[in-house]
Amino acid sequence: MPSTQNKDYYGLLGVKKTATADDIRKAFRKLARKYHPDVNPGDKKAEEKFKEISEANDILSDEKKRKIYDQLGFYSDQIDPAQAEAAARGGYGRPRPGGGGAGPQEVPFDFEGFDFSNFEGGSTAQRQAGSTAAGGGWGGFRDIFSGIFNQQSGGRQPQSGPQPGTDLEYTVNVDFWTAVRGGTARLQILRQETCPTCHGKASSGAPMQCPECHGTGHVTQMGGRMKFNIQCPRCGGTGKVQNMCPTCDGEGVVIKREPLEFRIKPGTRDGQRIRLAGKGNAGTNGGPSGDLYLIIKAGTHPVFTRTGDDIYVTVPVTMTEAALGAKIDVPTIDSHEGGARTQLKIPPGTQTGQKLRLREKGVPSASREGVRGDEIVDLAKVNLFR
Ligand SMILES: [Zn+2]
Ligand SMILES: [Zn+2]
């Protein structure tokens with residue numbers, strides 16, 4: 001029967017064998033922050049590393065599991081502590097490859113020669129974009145941890161069970177007038193779509209015999225001088241594996257460039273977030289798609305300055321006009337495209353630099369139907385003798 005190789009869980013977390021539970025927890029948190037899938041969207045290496053450190057933490061943070069691991073050099077749910085004790089008493093020699101043929105080279109993971117030095121690195125630069133999961137930030141951390149612990153780890157088999165797609169975030173530049181009056185915006189987005197070959201299943205073809213256990217579902221592993229018969233980590237004891245889908249590399253999704261057209265409501269503000277439900281990355285295995293968030297970046301205008309739904313303009317007046325009163329034409333967002341300007345009555349005794357308000361000449365509100373902002377006219381002093 002083939003044997004599997006032992007993993008160096010301590011090395012993976014960059015801690016000593018004498019590490020306390022607290023050391024392990026801290027080391028894991030630090031690494032998890034670096035390799036968390038939310039921080040490294042689409043990065044398979046990071047995802048793989050995240051699974052490895054999660055597995056290491058799963059074993060080492062559990063007192064019972066850690067004890068078995070310490071005694072045998074590996075962990076399996078099928079081994080009870082008494083067996084491990086007996087094996088440990090039998091001798092502490094380096095685990096030898098099991099008899100019966102297959103050597104370590106057939107093992108899917110080989111941690112020897114793995115460079116763990118970068119695990120000890122300094123602080124992690126947090127990415128600004130990318131992580132837009134509802135609830136935000138690191139809230140989903142614990143959920144993902146516990147989710148991973150329950151999976152058959154170590155296997156190269158595509159993961160089963162529905163996985164929801166992640167959210168996407170894009171910044172969209174919209175010119176001043178489109179934001180004020182509304183219109184359509186177009187952009188190209190890159191999003192993960194359900195793989196057309198495997199339809200999100202991540203595997204292709206019929207199940208084959210597991211090459212690691214040759215279909216038996218079990219492999220042997222040495223613990224001290226004792227040989228253990230454990231569940232095959234590659235096929236999870238089923239004796240069968242499925243080919244990874246060649247189109248999507250077993251991801252269940254492919255990255256596609258997609259043109260997107262969406263409506264900008266009149267009165268859309270700078271910095272506004274528009275959520276397009278279900279337009280984020282596709283889920284796998286029937287999991288739901290994430291959402292797409294568009295952050296509006298509204299352009300400026302040489303004459304009109306916009307603050308919320310209000311418009312500010314500066315209009316020159318002479319001292320005489322201000323002192324004696326006058327009627328002057330001022331530009332508004334309505335008059336801008338050839339429409340009539342609005343007449344503003346300057347009452348006698350007005351000071352230059354004073355601001356006058358034109359009610360409801362501002363931007364229509366995007367959130368409140370029929371409501372408009374104001375236009376605020378700044379009366380700037382003109383030098384008569386220039
Ligand atoms: Zn596929
Ligand atoms: Zn197997």
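Helices are taken as DSSP runs of at least four residues, numbered from the N terminus. Just past helix 4 in this predicted model, Gly-73 adopts a positive phi of about 90°. The description below starts with the chain as a whole and then returns to helix 4.

The secondary structure of the protein chain consists of eight helices and 15 strands. The chain has 386 residues, of which 30% are buried. Contacts between residues at least 6 apart in sequence were also examined; 69% of them join residues at least 24 apart.

Helix 2 spans residues 21-35 and packs with helix 3. Their axes lie 9 Å apart, at an angle of about 165°. Angles over 145 degrees count as roughly antiparallel. Helix 2 is therefore roughly antiparallel to helix 3. The crossing of the two helices is left-handed. Helix 2 brings Ile-24, Phe-28, Leu-31, Ala-32 and Tyr-35 to the contact. Helix 3 supplies Ala-46, Lys-49, Phe-50, Ile-53, Asn-57 and Leu-60.

Helix 3 (44-60) also takes part in the surroundings of helix 4. Four residues of helix 4 are buried: Ile-68, Tyr-69, Gln-71 and Leu-72. These residues lie on the same side of helix 4, because the arc they cover around the axis is only 165°. They pack against helix 3, helix 1 (9-13), helix 5 and strand 4 (218-223).

Asp-80 has 10 C-beta neighbours inside 10 Å. A residue with 12 or fewer counts as exposed, so Asp-80 is exposed. Lys-65 is 15 residues away from Asp-80 along the chain. The C-alpha atoms of Asp-80 and Lys-65 are separated by 9.4 Å.

The strands are considered next. Strands of a sheet pair through backbone hydrogen bonds, in either a parallel or an antiparallel sense. One open sheet has three strands, in the order 1-9-8, with mixed pairing. Strand 1 (168-174) and strand 8 (273-276) are its edge strands, and each pairs on one side only. From one strand to the next, the twist of this sheet averages 25°. Strand 9 covers residues 292-298 and pairs with strand 8 in the antiparallel sense. Four bridges connect strand 8 and strand 9. Arg-275 has Tyr-293 of strand 9 as its bridge partner.

Another open sheet has four strands, in the order 10-11-15-14. Its pairing is mixed. Strand 10 (305-307) and strand 14 (355-358) stand at the edges. Each has a single partner strand, so one side of each is left without a neighbour in the sheet. The twist here averages 35° from one strand to the next. Strand 10 runs antiparallel to strand 11, which comprises residues 310-318. Three bridges join strand 10 and strand 11. Thr-307 stands opposite Asp-310, a residue of strand 11.

Notes:
Residues are numbered from 1 along each chain as its sequence is written. Chains are lettered from A and ligands numbered from 1 in the order in which they are written. This is a predicted model: local features need pLDDT of at least 70, side-chain atom pairs count only at pLDDT 80 or more; totals for chains, interfaces and linings use all residues. A residue is buried if 20 or more other C-beta atoms lie within 10 Å of its own, exposed if 12 or fewer, and partly exposed in between; C-beta atoms are placed from the backbone. Two residues are in contact if their C-beta atoms, placed from the backbone, lie within 7 Å. The arc is that of the directions from the helix axis to the C-beta atoms. Two strands pair if DSSP finds at least two bridges between them. Axes are lines fitted to C-alpha atoms, for helices over the stretch in contact, and angles run from 0 to 180 degrees between N-to-C directions. Angles under 35 degrees count as roughly parallel, over 145 as roughly antiparallel, 65 to 115 as roughly perpendicular and the rest as oblique. A crossing is left-handed if the near helix is turned anticlockwise from the far one by less than a right angle, and right-handed if clockwise.
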